[in-house]
Amino acid sequence: MIGWMKVNARKKSNSEADESGRKSTRIDPATGGSEAAAPIGIIPAGNPQPTSMSEGDPAIRLTDVDYTYQAGSPFAAAALHDVNIRIRKGTLVGIAGGTGSGKSTLLQLLNGLLLPTGGSVEVLDHALLPNMQKPKLNTLRRRIGLSFQFPEQHLFEDTVEKDLMFGPLNFGLAREEARLKAVGAMKSMGLDEALLKRHPLTLSGGQMRKVAIASVLAAGPEIVMLDEPTATLDSAARRELIALLARLCREEGRTILMVTHRIEELMEVADEWIVMHEGRAVFQGDADELADRAEELEHWGVAVPEQFRCWAEWTARLPQLAALPLPRTAEEMAKRIEEAVRGFAERESEPEDEQQKESEKQPNRERSKAHA
Ligand SMILES: Nc1ncnc2c1ncn2[C@@H]1O[C@H](COP(=O)(O)OP(=O)(O)OP(=O)(O)O)[C@@H](O)[C@H]1O
C-alpha cells in the first residue's frame with residue numbers, strides 16, 4: 001500500500017419534468033430530450049437578478065441545487081443535494097463518481113430533461129428553476145446535446161441518415177440542410193458517409209456509439225454532454241473517441257462534459273474534473289488538484305488512476321519532482337522521471353564543492369519559479 005503524500009507542491013485550492021425520459025420514452029436523438037418537455041425559462045438580456053452569469057465566460061452554473069425524484073410522493077428519492085458547480089465555455093470536463101452518485105441526474109438537469117427541486121441551474125443564458133411555468137425547451141436542447149449511456153437510446157430509425165436528420169428537422173431545418181448537418185456530424189466523428197444508408201443496428205458497437213454522438217452533434221450544440229460514452233469500447237476505440245472529443249473542444253470551441261468511471265482515459269485532455277459522491281459535488285478542480293485528493297478518491301467510489309500512484313511513488317523518491325505539475329501522459333511522466341534521475345546522477349558525480357554551490361543556488365531558483 002502506497003503511503004499517500006501530496007504529489008506536488010502547487011497551489012491548493014469546491015418538479016420533475018420527465019422522469020421516464022432516460023430509458024423509456026422516445027428520446028430526441030439530436031438533443032437527448034424526451035418528448036415530455038420540461039418547463040424552462042430564458043434569462044432576458046441585461047437581467048439584473050443574481051442569476052445572470054458574469055465570472056469569466058461561464059457556460060454552466062449550478063447554485064445550491066437539489067433534486068429529488070418523485071418529490072412529494074411516498075416514493076421520493078433524493079438524488080442531488082446542495083450542488084454548486086461552475087463550468088467555463090470551451091472546456092472539457094470529466095465527471096467521475098461511484099454508482100448512484102448522481103452523475104446522470106446532473107446531466108439531465110443541465111439539458112432541462114429534469115428541473116431542480118431546489119436551487120438554480122443556469123446553462124448559457126437559460127435558467128432552470130423549481131416549479132417554473134412552461135415556456136419553450138427546443139432552444140435549450142438545440143444548444144445543449146446529451147448523449148445517453150446506451151447508444152440505442154438515440155437510434156430509432158431504419159437508417160443512420162434518418163436518425164441523424166431527426167434533430168435538425170425537429171428544429172425546423174429543411175431536408176437538404178438537415179442532410180448536410182448529418183453529413184457534417186458524421187465527418188466530425190470520423191465516420192464514413194457510406195454508413196448513412198445503413199440500418200443503425202447493423203453497425204459495430206464503436207460505430208454505433210459514434211453515430212449516437214453524431215446524432216447529438218447534428219443539431220450543432222454548443223455544449224455536448226456524454227454519459228459514459230466509452231463504457232463498451234475497447235481501448236483503441238476509447239482513445240480514438242477521446243481524441244475526437246478533444247478536437248470538438250479545442251478546434252470547434254464546444255464545451256464538453258463527459259461522465260467516466262476511468263479517470264485515466266481522460267487525464268490527458270480534461271481541463272477540469274468534478275467528482276460526485278452520494279449526490280454531492282465533492283470536488284471540482286484540475287488534474288493536479290485531483291491528484292492532491294487521491295487519498296479520498298477511493299472513499300468517493302472512484303478508482304485511483306495508476307498515473308497518480310506512480311507519480312506519488314516517484315515524487316517520494318525524488319523530491320525535486322514534487323514541484324512539477326502532474327504529467328498528463330505516461331510518456332510525459334517517463335520523460336520527467338528520466339530527467340530527474342539523470343540530474344540526480346550528475347549531481348552525485350559532481351565534486352563536493354560544486355554540489356555545495358548548486359544547493360546554494362536552489363532557493364533562488366525556487367524563488368524565481370514562484371515569481372514566474
Ligand atoms: N427514475 C428514478 N427514480 C427514482 N430514483 C432514481 C431514478 N433515477 C435515479 N435514481 C436514483 O438517484 C440516485 C442517482 O442516480 P444516477 O443515475 O444519477 O447516478 P449515477 O451516478 O449516474 O449512477 P451510475 O454510475 O450507476 O449510472 C440513485 O440513488 C438512483 O437510485
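Reader: How do the residues of the shell around the ligand divide into nonpolar, polar and charged?

Author: The shell around the ligand holds three nonpolar, seven polar and two charged residues, where Ala, Val, Leu, Ile, Met, Phe, Trp, Tyr, Cys and Pro count as nonpolar, Asp, Glu, Lys and Arg as charged, and the others, Gly among them, as polar. This is a predicted model, in which local features need pLDDT of at least 70 and side-chain atom pairs count only at pLDDT 80 or more, while totals for chains, interfaces and linings use all residues. Residues are numbered from 1 along each chain as its sequence is written.

Reader: Which element gives the most to that shell?

Author: That is α1, with three residues, helices being DSSP runs of H or I with at least four residues and strands runs of E with at least two, numbered from the N terminus.

Reader: Changing topic, how is the protein chain divided?

Author: Into domain 1 (19-304) and domain 2 (308-371), with bounds that come from an automatic or database domain assignment. Seven residues of domain 1 are in contact with eight residues of domain 2, contact meaning that the C-beta atoms, placed from the backbone, lie within 7 Å. On the domain 1 side that touches domain 2, helix α8 (residues 287-292) supplies the largest share, three residues.

Reader: And where is Thr329?

Author: Thr329 sits in the loop between α10 (306-317) and α11 (330-349).

Reader: Why does Thr329 count as partly exposed?

Author: Because Thr329 has 13 C-beta neighbours inside 10 Å, whereas buried takes 20 or more other C-beta atoms within 10 Å and exposed 12 or fewer, with partly exposed in between and C-beta atoms placed from the backbone.

Note on methods:
Contact = placed C-beta atoms within 7 Å.
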